[in-house]
Amino acid sequence: MRQKLQYWTGILLFSLILWLGLINRAEANSELSQAHQRHILERLSFGVTSEQMQQVKAEGIEAYIQSQLTPELVEEPPILNNYLAKLSLIHQKPTELQKKVNANRKKVRNSGLSIEQKQKIRQEIREMNTKARDEAINAHLARAIYSSRQLKEVMVDFWFNHFNIYADKGDIRLWLSDYEQKIRPHALGNFRDLLAVTARHPAMIIYLDNKKNTAPDSPVGIRGKLGLNENYARELMELHTMGVDGGYTQDDVIALARIFTGWGVDYEGKRGDKKGFFFYKNRHDRHDKTFLGHKIAANGIKEGEQALDILASHPATAHHISYKLAEYFVSDRPPSSLVDRLAQKFLDSDGNIKVVLDTLIHSAEFNDPQYYQQKFTTPYQYIVSLVRMAEIEQPNFKRIRGMLQQLSMPVYRCPLPTGYKNTQSAWLNPQAMLQRTGFATAIARGTLNPGYSIPYKQLQRNSGELSERTKQVIAKTPPKLRSALMMGSPEAMYR
Amino acid sequence: MSSGRVSYLNYLNMKRRKFLTAAGLATAGILVPVGMNSWVARGVKSATNRKRLVVIFLRGAVDGLNIVVPHQEAEYYEARPTIAVPYPHKKDGAIDLDGFYGLHPKLADLVPLWDSKNLAFVQAVGSPVVERSHFQAQDYLESGTPGIKNTKNGWMNRLLAELPQDMPTQALNVGVTTPYILKGEMAIASIKPGKNSAAPIPTDRPLVHQAFSNLYSGTDTLSKAYQNGRKAREIVLTDLTQEMMSASRGAKSANAFVDDAAEVAKLMVGNAKTQLAFMQVGGWDTHINQNPVFDRLLPSLAEGLVTLTQGLEPILADTVIVVMSEFGRTVRENGNKGTDHGYGNAMWLLGGAIRGGNVYGQWQGLSQSKLNENRDLPVTTDFREVLSLILQQHLSLDDESLSRVFPGYELASNLDFLA
């Protein structure tokens, strides 16, 4: 009898343990998968909206990932298309804008006009410049906020920043939108194509001074006593491709500068492909060069293409780009196992960005829970994610631009060719915390859209699981401040 | 934004009283709180004795050869046919300093400081590692460990940790982001550049402040940053009340640096805990048409430095101001009336604690054989030499402390620029 009791107790206990274990595991599984899905959404987009969550619920997370990797099959929402359609200058050719500005400048130089007339024309030039810049920035913001092709827009932002240019140098404002539009088709495409479009784009040629880069013994060099300008060549290797430790020398910088002599701007689109790029043969260095150990025979513009081929397929480039991707999507200190694997994929696929990203997203490292909610948002990611989280339909873009300016991350206005960093150490500091909590409060009060009160329930749904402390503090806070706290919480600042 | 000005001020007063109590408790005996402007008026010696260091970083590599012009070197004029600063007394010529060097004419505002021995230069300073990337070279200058790429903190942050902890010392940063030089374990106060730092922000309001203080009351990184932000904010609000700043801001300067310099001076004079400050000015990467850029930038730089020294007047005798840049530029001008990335550069020293009116540093001339890689001014003084001397003699760091700020650096002690 006693034995029987023990037997039954044993079985009961065993079943109980088994049952509890199963329940726990089931619970843990569903929790993990919620947090896991959220992690993927946060990293592959500019902030989680209810629409994205519904899509994942309906189709599953893998289908979502695949659709994001194939953006051409994703339809854009009417609100975005309508917004972009209302803008005017971004739909005009930059060469046309440049013609208008140049014509106005010519008028100002004409002494026949009165001072008032000249002032009026100068005012027109300024307005056109500002409008071209602000429209380009607004379009960039609108796409980040509204686009259903979130991963693509994340990558457009990533590549623009990687091949950074500065809006306020020369006439770059007029070319901003065009520059981004040239990058956009290749954001998930081929790295070599990104090199091709940026090397030839007037915005880059103006920004890194290549329009001045002239062989001293070329006809133009001799006539104008002009010489080499190393700026583009250096940054092309240091920042765009091989990285500062990529293994090139000062001699390689000079050789590359000589290779790119003559790659210049044709502002009004009168020559060549009529899109603003022109190869000025009479500035080009006509000697053979040695670049990274390769003999490059004098061959005009083709030398540049050859150099870009060498750079695009260089292992240092694969490593540099892979590191930056892993840093952006996984961790401020990305595991080297992952970086190495991505670099190999980059080389094997001839720089196919979609393939590299697919590998990254499905890697054990990216999916490791230790990395969830560990990337501190940049000011840009933070503000855009608040707008998405609160689902503010018609935000005031001018105010958003002002906030980003104050947070030291104005769109298109990073003066350094490095672009903006995306690490916590770059952006987390006492002053930033005061500003972020301040902007969260202001946005919660409707500064971006007077009259629209942000539904707290929706914020709650979109913000995912909160920590105990955040929950407790919010519960103890008067209702009118709860949205502010939610938007200024640690959970909202990390992705 | 409905809460009125009165309640806001009441709140601040309340906060201030609380802060006083806290400060009193924490520092037992030294009952003078942060942010009181009356150190000097009260004749508190211990406070005025505290040594200060201000570091100003000219980012982009300023062309030191056109700042401290070697006008007696024929090679200088040969190398720069279109951009050299003309001989003294010629049109737009250099302002002669010592018969050999001259100052760029657009820095004329600094001449009284030179005459009163509050300005000196060290020529041909730089990093022992030749590095032509702006970003890498800036990193080395800020980490204080040239050649080592993974140093996790900046030398000014390490310095802060070595300063006497009898009272909590503070470093002040002008900027929204923390530069590498100030990164590290020690908390840094910061003010926004180019703005009236005392203008109200949402978290000044009592209810909002309370809510976020609860949210960020922990010991995690975000909480600590928030708490330090609020502490710095209290200092700014007490020292830079809008009334106080309105006088100097009546005619708002075209240049943010000048306004920032005024605020830094106010905060350092008012708050004896602020021993270190860091500021930066960009725009010096003059690959093209260098002269117009200098003509535009130098006057406001000079105005800012004069504003800073004037504002620091009560404590200027205990202050060293260092102006530095990541590297110099090529001796020869390039094909675009500009200069490319070079090596050795001039370091500027200002303040009452230096023996001004001198240009220090070993000068080897500009003949081709003396140049680094046939193109740059060589480096004859390691930048850590200048900084170490300031740390050792001015800030009284012992050898052990010094080796923690600049690990592995041995002082050569061949300079003597401190008073």
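A residue counts as buried if 20 or more other C-beta atoms lie within 10 Å of its own, as exposed if 12 or fewer do, and as partly exposed in between, with C-beta atoms placed from the backbone. Helices (H or I, at least four residues) and strands (E, at least two) are DSSP runs, numbered from the N terminus.

This is a predicted model, in which local features need pLDDT of at least 70 and side-chain atom pairs count only at pLDDT 80 or more, while totals for chains, interfaces and linings use all residues. Residues are numbered from 1 along each chain as its sequence is written, and chains are lettered from A and ligands numbered from 1 in the order in which they are written.

**Chain B overall**

Chain B has 14 helices and 12 strands. Of its 419 residues, 52% are buried. Two residues are in contact if their C-beta atoms, placed from the backbone, lie within 7 Å. Among the contacts of chain B with a separation of 6 or more, 75% come from residues 24 or more positions apart.

Asn345(B), Met347(B) and Leu349(B) point one way from the strand. Ala346(B), Trp348(B) and Leu350(B) point the other way. Two strands pair if DSSP finds at least two bridges between them. The table gives the pairings of S10(B), together with one pairing from another part of chain B.

| Strand pair (chain B) | Sense | Bridges |
|---|---|---|
| S5 (residues 119–126) and S10 | antiparallel | 5 bridges |
| S9 (residues 319–325) and S10 | antiparallel | 3 bridges |
| S3 and S4 (residues 101–103) | antiparallel | 2 bridges |

Opposite Met347(B) stands Val122(B). Trp348(B) is the bridge partner of Val323(B).

**An open sheet**

Three strands of chain B form an open, antiparallel sheet in the order S2-S4-S3. Strands S2 (68–70) and S3 (95–96) stand at the edges with a single partner strand each, so one side of each has no neighbour in the sheet.

**Helix H6 of chain B**

H6(B) is mostly covered, with 8 of its 10 residues buried. Among the buried ones are His134(B), Asp139(B), Tyr140(B) and Glu142(B). Their cover includes helix H7 (155–162), S9 and helix H13 (383–394) of chain B. Gly144(B) follows the helix, and its phi is positive, near 75°.

**The interface**

Between the chains, 35 residues of chain B are in contact with 44 residues of chain A. Helices H6 (134–143), H8 (206–215) and H9 (221–239) of chain B each give two or more residues to the side that touches chain A. H9(B) gives the most, with 8 residues. By class, this side of chain B has 14 nonpolar, 16 polar and 5 charged residues. Here Ala, Val, Leu, Ile, Met, Phe, Trp, Tyr, Cys and Pro count as nonpolar, Asp, Glu, Lys and Arg as charged, and the others, Gly among them, as polar.

**Nonpolar cores**

A nonpolar core is a set of buried Ala, Val, Leu, Ile, Met, Phe, Trp, Tyr and Cys residues joined through C-beta atoms within 7 Å. The largest has 134 residues, and Leu176(A) and Ala203(A) are among those that touch the most other members. Helix H6 (residues 115–146) of chain A gives the most to this core, with 9 residues. Not counting residues up to four places away in sequence, Leu176(A) touches Ala132(A), Arg133(A), Ala136(A), Ala167(A), Ala203(A) and Tyr412(A). Another core lies apart from it, with 109 residues, including Met347(B) and Leu371(B).
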